[in-house]
Amino acid sequence: MINDFDPELLDMKPILYFHLQQQKLIELIRTKNIEEALQFAQTELAPHGEDHPEVLEELEKTMSLFAFAEPDGSPFGELMKPCQKHKVAGELNSAILESQNQQTTTNLHSLFRILIWSQDMLSQNKVSFPKMEDISSGIISNS
């Protein structure tokens with residue numbers, strides 16, 4: 001499906017390709033499809049690890065999930081959590097947006113970064129201002 005959209009995207013972003021393949025392996029492990037997961041790891045992920053040594057540690061963590069009857073409770077159980085899927089989806093979305101020459105971060109994210117930077121600059125210069133202490137709750141204090 002991604003290749004239909006942009007055939008060169010995954011070739012240009014081998015780490016993204018690895019993360020997508022890693023996620024597929026995690027889903028095979030989640031569904032207890034162990035034989036298929038082992039075959040997939042050997043044919044798809046192992047060669048990628050040889051070509052890109054920077055992903056070996058991630059590959060080892062993912063492969064360690066095979067050692068546990070309940071991978072969710074393993075030392076690398078975070079790979080089984082929804083946040084892992086979200087991380088990979090975000091990486092894919094950013095790559096697609098970047099390939100289309102579009103903004104890869106939201107305006108809200110950019111505004112929060114500017115807010116934090118501005119508050120840091122004002123604090124460094126010892127300027128008194130109403131400081132946003134907790135962005136999630138909107139708590140403001142005078143500093």
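Colleague: Are H4 and H5 roughly parallel or roughly antiparallel to each other?

Modeller: This is a predicted model. The axes of helix H4 (residues 34-51) and helix H5 (residues 56-64) come within 9 Å and cross at roughly 150°. Angles over 145 degrees count as roughly antiparallel. H4 and H5 are therefore roughly antiparallel.

Colleague: How many nonpolar residues does the contact of H4 with H5 have?

Modeller: H4 contributes Ala41, Leu45, Ala46 and Gly49, while H5 contributes Leu56, Leu59 and Met63. Gly counts as polar. By class, the contact of H4 with H5 has no charged residues, 1 polar and, as the number asked for, 6 nonpolar.

Colleague: How are H3 and H4 oriented, roughly parallel or roughly antiparallel?

Modeller: The axes of H3 and H4 are 10 Å apart, and the packing angle is about 165°. With over 145 degrees as the cut-off, H3 is roughly antiparallel to H4.

Colleague: Which hand does the crossing of H3 with H4 have, left or right?

Modeller: The H3 side of the contact includes Tyr17, Phe18, Gln21 and Leu25, and the H4 side includes Phe40, Ala41, Glu44 and Leu45. These residues belong to a contact with 10 nonpolar, 3 polar and 3 charged members. Where H3 passes H4, the crossing is left-handed.

Colleague: Is Gln21 buried or exposed?

Modeller: Gln21 lies in helix H3 (residues 14-30). Beyond its neighbours within four places in sequence, Gln21 is in contact with Phe40, Glu44 and Leu45. Its relative accessible area is 13%, and under 20% counts as buried. Gln21 is therefore buried.

Conventions
Residues are numbered from 1 along each chain as its sequence is written. This is a predicted model: local features need pLDDT of at least 70, side-chain atom pairs count only at pLDDT 80 or more; totals for chains, interfaces and linings use all residues. Side-chain values use heavy atoms; hydrogens and water are left out. Axes are lines fitted to C-alpha atoms, for helices over the stretch in contact, and angles run from 0 to 180 degrees between N-to-C directions. Helices (H or I, at least four residues) and strands (E, at least two) are DSSP runs, numbered from the N terminus. Angles under 35 degrees count as roughly parallel, over 145 as roughly antiparallel, 65 to 115 as roughly perpendicular and the rest as oblique. Contact means heavy atoms within 4.5 Å. Buried means under 20% relative accessible area, exposed over 50%, partly exposed in between (1.4 Å probe, protein chains only). A crossing is left-handed if the near helix is turned anticlockwise from the far one by less than a right angle, and right-handed if clockwise.
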